[in-house]
Amino acid sequence: QILQRAVANDPLDVVNHGYLADLLWKMGEKAAALDRIELAVKLGPGYSWGWDVMHDWATELQCVERCEAAARELVRLRPNECRSWQVLFRVLRGAEHFAERLAAIERAIELNSRNEEAHDWKAWLLAENQRIDEALAACRPAPWGEQPPVMLQMRAAQVCAGHGQTDRAIELYRKIVTEDPVNADAWQGLADAYDASGRKPEYLDAAEHLQKLRP
């Protein structure tokens, strides 16, 4: 009742709709919860949590196409917003949607060439589909020249580490921690790469750095 009053008082507040949807789901009113979260993402297309939850709930209720249709409708209504295409990328799942997901994230990049997250997602998608050279190229997009953002440097290192290029991963992680010595995630990746390659002294050194950052 409190949440219903809150929604009535401010019907455009997507977070209140989200709280209400979550509570309805926990109460077992799953159809009503799905309706509510769909309304929330239509009111606020940037509500990432709402899209993720809507997909999970629609999957459980065996109507995932409903979530996909909502994302495609968003693209139709707002085709020139980078965010719309990112939503479509997030909502579509599974190998059968690879081509559409790749096209969506490339359109997002076309609309905002300096969107680090979109470049990162493109690299991840390509790597997941074993297109390693393309994934690594996606980590070095033209807008940043020879100095891509740390997010993309990290993605390149992760791609190398996950696909048998351990020495290259070590080189990339070393570059990151040299330039940003308090980057705990990079030290974690470096430690894992040293461990995988059997380089125990370097593994210990990286682990000690990580322990200082995450005691």
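1. The protein has 13 helices and zero strands; both are DSSP runs numbered from the N terminus, with helices (H or I) needing at least four residues and strands (E) at least two. Reading from the N terminus, the order is α-α-α-α-α-α-α-α-α-α-α-α-α.

2. Before going on, a word on the source: this is a predicted model, where local features need pLDDT of at least 70, side-chain atom pairs count only at pLDDT 80 or more, and totals for chains, interfaces and linings use all residues. Residues are numbered from 1 along each chain as its sequence is written, and side-chain values use heavy atoms, with hydrogens and water left out.

3. Now the overall picture. Of the 215 residues, 43% are buried, meaning under 20% relative accessible area with a 1.4 Å probe, protein chains only. Among contacts (heavy atoms within 4.5 Å) with a separation of 6 or more, 44% join residues 24 or more positions apart.

4. Have a look at the helix pair H12 (residues 184-197) and H13 (residues 200-213): their axes come within 8 Å and cross at roughly 155°. Those axes are lines fitted to C-alpha atoms over the stretch in contact, and the angle runs from 0 to 180 degrees between N-to-C directions. H12 and H13 are therefore roughly antiparallel, the label for angles over 145 degrees. Their crossing is left-handed, that is, the near helix is turned anticlockwise from the far one by less than a right angle.

5. Who makes that contact? On the H12 side the residues include Trp 187, Leu 190 and Tyr 194, and on the H13 side they include Tyr 203, Ala 206 and Leu 210. By class, the H12 contact with H13 has ten nonpolar, two polar and three charged residues. Here Ala, Val, Leu, Ile, Met, Phe, Trp, Tyr, Cys and Pro count as nonpolar, Asp, Glu, Lys and Arg as charged, and the others, Gly among them, as polar.

6. Ser 84 sits in helix H6 (residues 82-91) and is buried, at 1% relative accessible area. A polar atom of the Ser 84 side chain lies 3.0 Å from the backbone oxygen of Arg 78. Leaving out residues up to four places away in sequence, Ser 84 touches Leu 74, Val 75 and Arg 78.

7. Asn 16, in helix H2 (residues 14-26), also counts as buried, at 16% relative accessibility. With residues up to four places away in sequence not counted, Asn 16 touches Leu 3, Ala 6 and Val 7.

Methods
Angles under 35 degrees count as roughly parallel, over 145 as roughly antiparallel, 65 to 115 as roughly perpendicular and the rest as oblique. Buried means under 20% relative accessible area, exposed over 50%, partly exposed in between (1.4 Å probe, protein chains only). A polar contact is a pair of N or O atoms within 3.5 Å; within protein, one must be able to donate a hydrogen and the other to accept it, and residues adjacent in sequence count only if both atoms are side-chain atoms.
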